[in-house]
Amino acid sequence: MLVITARISASADAINALTPAIAAMEQASRAEEGCFDYTFCREINDPNTIRIVERWESEAALKAHFVTPHMAEFQAAMAQHELGGVEVSAFEATEVPFPA
């Protein structure tokens, strides 16, 4: 399984303006084959930061995600706003029962 985490910083106004695009991206991504989870959240202590957590069955599923129409639409929406920064990390993971 691949786990992707991202941190996007932007003004509160930009994040508010992006909310419909974020909601559409989240919903469409969750419907993709091989997507176990796709969640955006806003940091409680920093409303200028949103986080994304994704869990994908495989690298092939993630690569297919990158070429979907909803990804292109989301990228276009983000390009309309000034972002303070984007950090993305990818991890290969094995899910284990919790607590271990």
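What follows are my notes, from the whole chain down to single residues.

**Ground rules.** I am working with a predicted model, in which local features need pLDDT of at least 70 and side-chain atom pairs count only at pLDDT 80 or more, while totals for chains, interfaces and linings use all residues. Residues are numbered from 1 along each chain as its sequence is written, and side-chain values use heavy atoms, with hydrogens and water left out.

**Whole chain.** I looked up the secondary structure and found 3 helices and 4 strands in the protein chain, where helices (H or I, at least four residues) and strands (E, at least two) are DSSP runs numbered from the N terminus. Along the sequence I read the pattern as β-α-β-β-α-α-β. The radius of gyration, taken over C-alpha atoms, is 14 Å, close to the 13 Å that the globule rule gives for 100 residues, so the chain is as compact as a globular protein of that length; the rule itself is 2.2 Å times the number of residues to the power 0.38. I noted that the C-alpha atoms fill a box of roughly 40 × 30 × 20 Å along the principal axes.

For burial I used relative accessible area, with buried meaning under 20%, exposed over 50% and partly exposed in between (1.4 Å probe, protein chains only). By that count, buried residues make up 33% of the 100 residues. Contact here means heavy atoms within 4.5 Å, and among contacts between residues at least 6 apart in sequence, 70% join residues at least 24 apart.

**Core.** Which members of the largest nonpolar core touch the most other members? Of its 22 residues, I found these to be Tyr38, Phe40 and Trp56; such a core is a set of buried Ala, Val, Leu, Ile, Met, Phe, Trp, Tyr and Cys residues joined through side-chain atoms within 4.5 Å. S1, H1, S2, strand S3 (49-56), H2 and H3 each supply at least two residues of this core.

**Helix H3.** In H3 (residues 69-79) I listed His70, Met71, Phe74, Ala77 and Met78 as buried. Seen down the axis, these fall within an arc of 125°, so they line one face of the helix; the arc is that of the directions from the helix axis to the C-beta atoms. On the other side, Pro69, Glu73 and Ala79 are exposed. The cover over the buried residues of H3 includes strand S1 (2-10), helix H1 (12-30), strand S2 (35-42), helix H2 (59-66) and strand S4 (83-92).

**Helix H2.** I then took H2, where Ala61, Leu62 and His65 are buried. They cover an arc of only 100° around the axis, which puts them on the same side of H2. The face turned away from that buried side carries the exposed residues Ala60 and Lys63, whereas the buried residues pack against S1, H1, S2, S3 and H3.

**Residues of H1.** Isoleucine 22 lies in helix H1 and is buried, with a relative accessible area of 10%. Leaving aside neighbours within four places in sequence, I find isoleucine 22 in contact with Phe40, Ile50 and Phe74.

Glutamate 26, also placed in H1, counts as buried at 17% relative accessibility. What does the side chain of glutamate 26 reach at 2.8 Å? It reaches the backbone nitrogen of phenylalanine 40, and, with the neighbours within four places set aside, glutamate 26 is in contact with Tyr38, Thr39 and Phe40.

A polar atom of the side chain of arginine 30 lies 2.9 Å from the backbone oxygen of tyrosine 38. Beyond neighbours within four places in sequence, arginine 30 is in contact with Cys35, Asp37, Tyr38 and Thr39.

Threonine 5 sits in strand S1 and counts as partly exposed at 29% relative accessibility. Apart from neighbours within four places, threonine 5 is in contact with Ile52, Glu87, Val88, Ser89 and Phe91.

Finally, I checked the peptide bond from phenylalanine 98 to proline 99 and noted that it is cis, with omega near -5°; proline 99 is placed in the segment after S4.

Note on methods: Polar contact = N/O pair within 3.5 Å; in protein donor to acceptor, adjacent residues only side chain to side chain.
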